[in-house]
Amino acid sequence: MSTPVAAGTLSASSPAAPRVLARRWRRRLAALGESTPATVGIVIVLAWVVLAVLAPLIAPYPPNANDLAALAHTTPSKAHWLGTDHLGRDLLSRVLWGARPVLVIAPLAVLGAAALGSLLGLSAGYFGRWIDLTVTRACDIVLSFPVIILYMIILAHVGSSAWNIIGVLTLTKAPIIARIVRGMTLDLREREYVAAAKMRGESAFYIMLVEILPNARGPLVVDMCLRTGYNVIIIGALGFLGIGLPPPDPDWGGMVKDTYGMMMVWPHMALVPCAAISSLVVGFNLLAVGLRELGLRD
Amino acid sequence: MKRFLVKHLLFLLLTLLAVSFLVFTLNEFSPGAVARKVLGAYATQEQVDLLTKQMGLDRPVLVRYVDYLGALASGDLGYSARFKAPVKGVIFKHLANTALLAAIAFACIVPLSTLLGVVAGMREASRLDRAILMFSTVIASIPEFALGVFLASVFVVWLGWLPGTATLVAGGGWSVAAQLVLPVTVIVLFDSGYVVSMIRASMVEVMQRPYIRTAVLKGLPFRAVILRHALRNAMLTPVTVIMLQINYLIAGVVVVETVFAYPGFGRMMLEATLFKDIALIEAGALVAVFLAVVTNILGDLAYMLLDPRIRA
């Protein structure tokens, strides 16, 4: 990654030809390979993405099929590699299918939060005055609320569905992104290329989106990576508390909720989904650590 | 100083008002719903209508909101349908339990993460730094319920050293102290991961300052450089972060409390929302926000006391 200013002038002024773009991406991927945490992180995340996409093909059983014969011994066996849960459902198949909702909801919510947060942060930082004051205060209020309690109250009222979870996650994460973007906008709006754009008579909207935002993307990308990991944790926690995705389709947190009471007898039922969700979050967070290192190095 | 306090107290009041209004309107979205929620699904329509009239729920939302504020101001928080007791007592009891958990966890988190963060950050990119950074990243990545399940499967199921629930009622041969070990460990591990990385980052930044180089060049022993010059400056930024953890420890530990069946504030809120216990939800939300904003103010105050530049 080059310095923000140089990167910005490149992408803002010269329309890059596809081949140049491809070369730039290859260089970036090569740079990622230099950082061990980033490599490990990207391997874990990609592995889960592949498993989730291929779940219908590689899962040995349908996720909600009960194998009543297996209930006699639910522990791992030849027929069920990771064992079955208390209803005789194959744990391997459920864990594979359970990766799908998480890997859609968590990134979508982050994208939503990034879009809303950037818009708020850019307008607050660029226009200043009462817009800044209103946005900052509103963000402070949302941020002062303990989020998990906010989720409980809202989801208990509007009901829990994938879209509602995306909505709450977007609304509660946007203020954090808005803060970061606002801080960077305050700094960037004093730069020469912003002054130049103003002289050219560009609209405020153009200046914010084309001149300022691309230069704020470095820290933003690292933060979005971290947020995705946190979102995975929260989706799991909501499922565990019984206010997550509705059953019976597999959801990692919900699988733990259903089975952790039987840990004294069958610990594997809760351990398998716990291992799955932990590994995915570790992947996202290692990727974030790696990206930050790469950003700081040069 | 006076201006600081006035400004923050005004913000506290504004936040409480905004939150109380939001929660109130959310809860009472439809006029008949509150009475239905209180009486349950099996009550007849006449009973619901009667209660609606008795509670004055047929009046407009705004009028009822003002009434509600008046009752709050006089200290009347209402009656909990779930716990069959006045809300004030219910909240107080559960809050005290959570405060116990939070206090023990906080007493472990602060020294532990300060030590790890400072040791890691004083020599950036050293082997020890990498190890601590990796450890804290991985630990902070494991969801609390998963951490609870992992620890319980080792210490409860496999070794049998500790109880798997912390109901605070001594029984089954386990003392209350033994019951607290696992919940506290889960909270400390999960939360330290985050605090360590904040302190480390701050320490790394301080170590690059000119006054540290001066201290090293004038021949001070490394120990003295760290303890006398770096530590105080490195703790400036994380102090706010550490104070914010109190907020998490009190309201955010609902997952840990649920894992170990701990009778705390978070689990009380979960039960209240699942049971649609309106009075308890509203009062609980206000208490949570109050605590959050107050710890925020305390964090700013601590920052001011540590940094002579913004005292005045």
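Q: How many residues does the contact take from chain B and from chain A?
A: In this predicted model, chain B gives 36 residues and chain A gives 32 residues. On chain B, the elements that give two or more residues to this side are helix H1 (2-27), H6, helix H7 (144-158), helix H11 (236-251), helix H12 (254-259), helix H13 (265-275) and helix H14 (278-306).

Q: What makes up the side of chain B that touches chain A, by class?
A: That side has 26 nonpolar, ten polar and no charged residues.

Q: Which residues make the contact of H5(B) with H6(B)?
A: H5(B) contributes Leu116(B), Val119(B) and Ala120(B), while H6(B) contributes Leu128(B), Asp129(B), Ile132(B) and Leu133(B). Six of these residues are nonpolar, none is polar and one is charged.

Q: Where in chain A is confidence lowest, and where highest?
A: Helix H1 (residues 4-13) of chain A is lowest, at a mean of 42, and helix H4 (residues 91-127) of chain A is highest, at 91. Over residues 1-14 of chain A, pLDDT stays under 50. For that stretch the model has 14 contacts beyond four places in sequence. Chain A as a whole has a mean pLDDT of 82, with 93% of its residues at 70 or more.

Terms used
Residues are numbered from 1 along each chain as its sequence is written. Chains are lettered from A and ligands numbered from 1 in the order in which they are written. This is a predicted model: local features need pLDDT of at least 70, side-chain atom pairs count only at pLDDT 80 or more; totals for chains, interfaces and linings use all residues. Two residues are in contact if their C-beta atoms, placed from the backbone, lie within 7 Å. Helices (H or I, at least four residues) and strands (E, at least two) are DSSP runs, numbered from the N terminus. Ala, Val, Leu, Ile, Met, Phe, Trp, Tyr, Cys and Pro count as nonpolar, Asp, Glu, Lys and Arg as charged, and the others, Gly among them, as polar. pLDDT is the predictor's confidence in each residue, from 0 to 100.
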